[in-house]
Amino acid sequence: MIRLATLFSGIGAVEQALKVMNIHYEIKFACDNGERELPIEKKYIEKEIKDLSHKEKKEYIDKLYLQTGKENLMQKSYMLNYDINADNFYQDVRFLDGNIYKNKIDLLVGGSPCQSFSVNGKRGGFEDTRGTLFYEYARIINEVQPKVFIFENVKGMLTHDNGNTWNIIKNTFEQLNYKIYIKHDKSGKESPILNAMDYGIPQNRQRIFVVGINKKEKIKKEFNFPEKIKLNSKVSDYLDKKVDAKYYLGQKGFEFVTTHPSRAQVGCDIMRCQKANQQFNWNGDFIFEDFDKIKDNEKILKKAYVGMWNNRRGVIRKITPRECLRLMGFKDDFIIDINDQNMYRQSGNSIVVNVLIALINEIISTGIWEEL
């Protein structure tokens, strides 16, 4: 059984991956603040919790977030779908003590928001990341000492702050006593980006992935990044045949998405990268349906504008939250119990399940989890 931990846990992409792979796992802890912020400085909170027990610290932080009056919708989705005790779901990575989980985690997965770090003429490492959430990510790895970690982030991290951010992140990982794996191309040039469309999902989603294997662990062979596979599906394969009328666009929306290619695209076989604001203000991918398909549906005809697109007469609709989840690799048994806007955000902020499956298969091949 894989002992799993996640930071910036989102809606549980790695949990979905392990489920699809029929790998038994136990969630030791998860952590996500649900895009909420505390109106109190970190140093003040640290002073207040300094002498508290682990349980008391968690209760204190939970209470602070409760007082914001904002529900952690990420936690709501996560706990509806996975087997985890509320005592093991943390609201804020900054106040999570990883030491109580030391040597108890087989796989730790997550990313962190991209922020500028202070270089100050140094090589770049822990000191340069203080005050950032990446520092907390690296700190937890250092405290927990998982057998393996997977780090995921947006491709913009490579060029962020003229490349200083990426260099400091790499240098920080190197200080963790882990063998760090970053993908290179055939010429040996660093190429750390994996694209979802290369691993079975018709979405042009490019993300950085770093894999770390604890140097204390024995492996039979080195980790290799998964080879690309041929894409045999397209967006239309993930769509429902019948969709509620509320997802169809009126005249203003129809005209916008058919004339603003930098903001929206219609009827493509491979969707653009899902984003947190997808489908709102007519951003993202949209579906065209010929008029004959909906001509007898009074609800759709009442809501939708019938227009011309590519010499075809029909209507245009949003991609539904369920369809967005499918296009992230999530199965239909994933429970949705929040409104559309928040589900779009949660889907767009997740990791593509199929990419994680490919990475986990390669991790398994190293033999590091053979005794589990």
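A: Let us begin with contact, which means heavy atoms within 4.5 Å. Among contacts in the protein chain between residues at least 6 apart in sequence, 74% join residues at least 24 apart. This is a predicted model, in which local features need pLDDT of at least 70 and side-chain atom pairs count only at pLDDT 80 or more, while totals for chains, interfaces and linings use all residues. Residues are numbered from 1 along each chain as its sequence is written, and side-chain values use heavy atoms, with hydrogens and water left out.

Q: How many of the 372 residues are buried, as a percentage?
A: Buried residues make up 51% of the protein chain, where buried means under 20% relative accessible area, exposed means over 50%, and partly exposed lies in between (1.4 Å probe, protein chains only).

Q: And Gly156, where is its place?
A: Gly156 sits in the loop between strand E5 (148-154) and helix H7 (164-174), with helices (H or I, at least four residues) and strands (E, at least two) being DSSP runs numbered from the N terminus. Gly156 has a relative accessible area of 34%, so it counts as partly exposed.

Q: New topic: which residues of H2 and H3 meet?
A: Tyr44, Ile45, Glu48 and Ile49 in H2 meet Lys57, Tyr60, Ile61 and Leu64 in H3. The residues of this contact divide into 6 nonpolar, no polar and 2 charged, where Ala, Val, Leu, Ile, Met, Phe, Trp, Tyr, Cys and Pro count as nonpolar, Asp, Glu, Lys and Arg as charged, and the others, Gly among them, as polar.
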